[in-house]
Amino acid sequence: MFPRRLIPIALLPPLALLANVAWTHNAICDCYDNGNDTITCEGGFSDGGKADGVPLRVLDGAGKVLVEGHMNDNSEFTFAKPKVDYRVEFDAGEGHLTVIDSRDIKE
Amino acid sequence: MTSRNSRAAACGALLAALIAAPAADAHFQLLYTPDAALKESAALPLALVFSHPFDNGFTMNMGKPEAFYVVSQRGEAEPRTTDLMQYLQPIEWAGGEGSKGAAYLANPPRSVTRSLGDYTFVLKPAPYYEAGEDKYIQQITKTVVNVGGIPGDWDKPLGLPVEIVPLDKPYANWVGGVFRAVVLSGGKPVPHAEVEVEYLNHEPQLDQRRFAPEGKVTAPQQSFVTLSIRADANGQVIIGLPKAGWWGICALDLDDDEQHQGKELSVDAVLWVQAKDINAR
């Protein structure tokens with residue numbers, strides 16, 4: 001089994017495989033607490049490909065979007081730490097979502 | 001001859017034979033951590049021990065390392081170097097033959113290894129005086145760890161005076177596969193380099209500061225304790241990985257007639273490679 005944060009992307013339609021070679025590999029994302037009321041999430045692909053431009057959302061328990069953005073050139077996204085419980089969604093393609101619970105994000 | 005005299009003579013002969021015999025096992029600088037491929041980021045415990053890994057032989061005294069750091073890198077991002085000297089904790093490590101050697105543990109905080117990607121730990125130990133050969137040995141050692149499965153610069157040289165550069169990910173190897181690497185000195189491949197390979201047969205037990213007393217395998221003959229091979233004409237070595245665990249590769253005496261305190265200094269390059277069982281769960 002893949003660990004929770006590793007989402008297999010191997011079953012995409014052939015056109016998608018042709019369109020983006022990186023997507024033939026697994027998308028991976030993880031986040032850590034910077035200890036200064038900010039959170040940094042990092043993403044990438046198992047072949048070392050960049051995740052720049054991949055959308056990332058931060059939602060509260062009710063599903064309300066608190067922060068929304070995209071991975072930067074360094075495949076990172078930093079946001080202010082919400083005051084409430086939240087989850088991070090790293091959206092590497094339809095049906096291939098990595099979700100990270102705030103309780104799993106440590107310094 | 002009395003019984004006592006004959007025993008003494010026998011012991012003397014044995015001692016002489018032991019001294020005259022070539023070393024059957026090799027010195028290896030360990031830069032050990034339990035797992036080279038972490039699913040998620042974690043604080044990594046490290047043990048720096050200078051020993052004979054196959055047969056839990058004599059553990060030698062390490063001086064304070066000249067350098068100890070980690071180069072981390074993820075995907076196409078810029079590499080980052082973190083000095084680890086501040087985390088060195090001097091300890092005494094129990095080896096075989098009743099030996100106790102000065103060694104080091106290091107427990108860098110999770111923040112050092114919390115990013116995804118490759119971490120190449122580098123140790124430049126203090127030269128070790130080998131009285132048996134009246135020379136110094138310095139084994140510049142690399143251990144590569146990956147966090148989360150996003151690869152980094154595992155296949156790039158770090159610009160060390162001597163180093164073994166992987167051609168296969170050193171942290172992602174099935175038992176039964178092969179591992180390839182190139183021996184470099186001054187950034188250039190070393191044709192036909194003399195290389196030794198040893199299996200870390202006695203698992204390090206960091207909490208007890210010793211190796212597990214029982215080995216995992218036995219050698220059918222002395223030649224199997226340290227496997228001696230040569231790089232090919234392009235400086236490339238290929239080794240098999242028949243058993244799960246850590247395998248050490250050491251390329252010997254790669255320097256250009258270096259000296260230390262008026263004596264010969266052999267500058268060696270060590271790389272550690274971990275193999276995992278294909279049926280492991």
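The model is predicted: local features need pLDDT of at least 70, side-chain atom pairs count only at pLDDT 80 or more, and totals for chains, interfaces and linings use all residues. Residues are numbered from 1 along each chain as its sequence is written, with chains lettered from A and ligands numbered from 1 in the order in which they are written.

Confidence was examined for chain A. Its mean pLDDT (the predictor's confidence in each residue, from 0 to 100) is 81, and 76% of its residues reach 70 or more. Within chain A, strand β6 (residues 76-80) has the highest confidence, at a mean of 97, and helix α1 (residues 14-19) the lowest, at 38. Over residues 6-22 of chain A, pLDDT stays under 50. The model has 28 contacts beyond four places in sequence for these residues; two residues are in contact if their C-beta atoms, placed from the backbone, lie within 7 Å. Where pLDDT is low, the predicted coordinates should not be read in detail.

Chain A contains 1 helix and 8 strands. Helices (H or I, at least four residues) and strands (E, at least two) are DSSP runs, numbered from the N terminus. The order of elements in chain A from the N terminus is β-α-β-β-β-β-β-β-β. Among its contacts between residues at least 6 apart in sequence, 48% join residues at least 24 apart. Of the 107 residues of chain A, 28% are buried. A residue is buried if 20 or more other C-beta atoms lie within 10 Å of its own, exposed if 12 or fewer, and partly exposed in between, with C-beta atoms placed from the backbone.

Strand β3 (residues 38-45) of chain A has 6 of its 8 residues buried, so it is largely enclosed by the rest of the structure. Strands pair if DSSP finds at least two bridges between them. Strand β2 (residues 27-33) of chain A pairs with β3(A) in the antiparallel sense over 7 bridges. A:A27 has A:F45 in β3(A) as its bridge partner. The two strands β2(A) and β3(A) form a hairpin with 4 residues between them. In the turn, A:G35 has a positive phi of about 80 degrees. β3(A) also pairs with β6(A), antiparallel, over 5 bridges. Here A:I39 has A:F79 in β6(A) as its bridge partner.

An open antiparallel sheet of 4 strands runs in the order β5-β4-β7-β8 in chain A. Its edge strands, β5 (65-70) and β8 (97-101) of chain A, each pair on one side only. Strand β4 (residues 55-60) of chain A is joined to β5(A) by 5 bridges. A:L56 stands opposite A:G69 in β5(A).

The contact between the chains takes 17 residues from chain A and 15 residues from chain B. The chain B side has 4 nonpolar, 6 polar and 5 charged residues. Ala, Val, Leu, Ile, Met, Phe, Trp, Tyr, Cys and Pro count as nonpolar, Asp, Glu, Lys and Arg as charged, and the others, Gly among them, as polar.

The largest nonpolar core has 87 residues. Such a core is a set of buried Ala, Val, Leu, Ile, Met, Phe, Trp, Tyr and Cys residues joined through C-beta atoms within 7 Å. B:L48, B:V183, B:V195, B:I249, B:A251 and B:A269 touch the most other members. Strand β22 (residues 263-276) of chain B gives the largest share, 7 residues.
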